[in-house]
Amino acid sequence: MGVFVSEVRPRWSDMDAFGHVNHANTVTLLEEARVDLLFNEAKLRGVIDLAQGVVIAKLAVEYHLPLFATGGKVRIAVSVREIRGAYFILDYLVHNGPKESDPVAVTATTTLAPYDLANGKPRRITDSERDFLAAWHNGGNGGVLRA
């Protein structure tokens, strides 16, 4: 598979005084796409452990163009860059519209760690989680997806 695509609709209230989606709300759009992959798609494929607890250990966001709330959806392509024993890295491409041909406004990465909420500590990635994440691996290019 390689790339998971989520369509997310920025809200009018996401825009700042300059008319583009502000940083905090851009990060929320990334979260919505990530939840779509790690909770919704994973559940459809019988993997529920990630929804039980996962935390962001690192976030990096790069802005290439302003992202606008036009009333329509934006395309967020998510892929897995790396899978380790106790963390994994996701790459994001945020297009300024719903099509792959729409310009890329934002690229981002997050490092995530599965977390055991009951015991209050990080945990290892399970075999089923590893298999699920491997299906969205971007081929190991070592960097953010590029349009």
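Biologist: Where does Ala57 lie?

Modeller: In this predicted model, Ala57 is part of strand β2, which covers residues 54-63.

Biologist: Is Ala57 buried or exposed?

Modeller: Exposed: the relative accessibility of Ala57 is 60%, and the cut-off for exposed is over 50%.

Biologist: OK, switching to rings. How many aromatic pairs does the structure hold?

Modeller: Two. In one of them, Phe4 and Trp136 have ring centres 5.4 Å apart and planes at 85°, so that pair counts as edge-to-face.

Biologist: And which parts of the chain does that pair link?

Modeller: Distant ones: Phe4 is in strand β1 (residues 4-8), while Trp136 is in the segment after α3 (127-134), and the two are 132 residues apart.

Biologist: Phe4 first: buried or exposed?

Modeller: Phe4 counts as buried, because its relative accessibility is 7% and buried means under 20%. Trp136 is buried as well, with a relative accessible area of 5%.

Biologist: What about the rings of Phe132 and Trp136?

Modeller: Their centres are 6.4 Å apart and their planes sit at 65°, so this pair is edge-to-face too, since the cut-off for that is over 60 degrees. Phe132 is buried, like Trp136.

Biologist: So which residues form the aromatic cluster?

Modeller: Phe4, Phe132 and Trp136 together make one cluster.

Notes: Residues are numbered from 1 along each chain as its sequence is written. This is a predicted model: local features need pLDDT of at least 70, side-chain atom pairs count only at pLDDT 80 or more; totals for chains, interfaces and linings use all residues. Side-chain values use heavy atoms; hydrogens and water are left out. Helices (H or I, at least four residues) and strands (E, at least two) are DSSP runs, numbered from the N terminus. Buried means under 20% relative accessible area, exposed over 50%, partly exposed in between (1.4 Å probe, protein chains only). Rings of Phe, Tyr and Trp (its six-membered ring) pair if their centres lie within 6.5 Å; planes under 30 degrees apart count as stacked, over 60 as edge-to-face and the rest as tilted.
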